[in-house]
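Q: Can you take me through this structure? I'd like to go through the core, the charged pairs and the surface.

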Amino acid sequence: MTESDCLFCKIVSGDIAADIVYSNHDVAAFRDTNPQAPTHVLIVPRRHISTINDIGDKDRQEVGALYVAARDIAKAEGIAEAGYRVTMNCNAAAGQTVFHLHLHLLGGRDFSWPPG
Ligand code: 5GP
Ligand code: ZN
């Protein structure tokens, strides 16, 4: 499903350019244009899912594939051993601004806990 007004659907379809670092049947990943760390990659399902709240049982493969991609991209970026953070914001209180499910993969620096 492609949502016509969805930024990340347009990146997945190639209508909007992005620095794609990973792509397969289930997911695509591209660099964030406002990076919060030396490595900041967004990993998205190809099929439109708006938020974590909208994940259905049929989406298990795509959602799992986000984490498999995170593992492989972290290794390719050379941050796997030092460590990295993966996070997914859901709705306003968490600061979600693009309503197409995406995992943030952040690495190349130390992160504090708890997050702000
Ligand atoms: P959220 O706040 O929804 O968790 O994350 C959305 C992310 O998308 C932000 O980190 C923001 O910098 C990124 N972003 C917004 N517009 C674009 C764009 O046009 N291209 C890319 N590559 N990233 C974008
Ligand atoms: Zn979308």
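What follows is a chat about the core, an aromatic pair, the salt bridges and a surface patch.

Q: What should I know before we start?
A: This is a predicted model, where local features need pLDDT of at least 70, side-chain atom pairs count only at pLDDT 80 or more, and totals for chains, interfaces and linings use all residues. Residues are numbered from 1 along each chain as its sequence is written, chains are lettered from A and ligands numbered from 1 in the order in which they are written, and side-chain values use heavy atoms, with hydrogens and water left out.

Q: OK, the core. Which residues touch the most other members of the largest nonpolar core?
A: They are V27, I43, L66, I73 and L105, out of 18 residues in that core. A nonpolar core is a set of buried Ala, Val, Leu, Ile, Met, Phe, Trp, Tyr and Cys residues joined through side-chain atoms within 4.5 Å. Buried means under 20% relative accessible area, exposed means over 50%, and partly exposed is in between (1.4 Å probe, protein chains only).

Q: Which element gives the most to this core?
A: Helix α2 does, with seven residues. At least two residues each come from β2, β3, α2 and β5 (103–107). Helices (H or I, at least four residues) and strands (E, at least two) are DSSP runs, numbered from the N terminus.

Q: What does V27 touch?
A: Leaving out residues up to four places away in sequence, V27 touches Y22, I43, V44, P45, R46, E62, A65, L66 and A69. Contact here means heavy atoms within 4.5 Å.

Q: What is in the second core?
A: That separate core has nine residues, including C9, A28, F30 and V44.

Q: New topic. How many aromatic pairs are there?
A: The search of the whole structure finds one. It is F8 with F30, edge-to-face, at 5.2 Å centre to centre and 75° between the planes. Rings of Phe, Tyr and Trp (its six-membered ring) pair if their centres lie within 6.5 Å; planes under 30 degrees apart count as stacked, over 60 as edge-to-face and the rest as tilted.

Q: Which residues are linked in a network?
A: Salt bridges link R47, K58, D59 and E62 in a network. R47 pairs with D59, the closest N and O atoms being 2.8 Å apart, and R47 also meets E62 at 2.7 Å, N to O. R47 is in the loop between β3 and α2 and E62 is in helix α2, 15 residues apart.

Q: How accessible are R47, D59 and E62?
A: R47 is partly exposed at 27%, whereas D59 is buried at 1% and E62 is buried at 11%.

Q: Last one, the surface. Which residues make the nonpolar patch?
A: Y67, Y84 and V86 make a patch of about 260 Å². V86 lies in strand β4 (residues 84–87) and is partly exposed, with 32% relative accessibility. Patches are made of residues with over 30% relative accessible area and no salt bridge: like charges are joined within 9 Å, nonpolar side chains (Val, Leu, Ile, Met, Phe, Trp, Tyr) within 5 Å. Accessible areas come from the Shrake-Rupley method with a 1.4 Å probe; for residues, only the protein chains shown count as cover.

Technical notes
A salt bridge is a side-chain nitrogen of Lys or Arg within 4 Å of a carboxyl oxygen of Asp or Glu.
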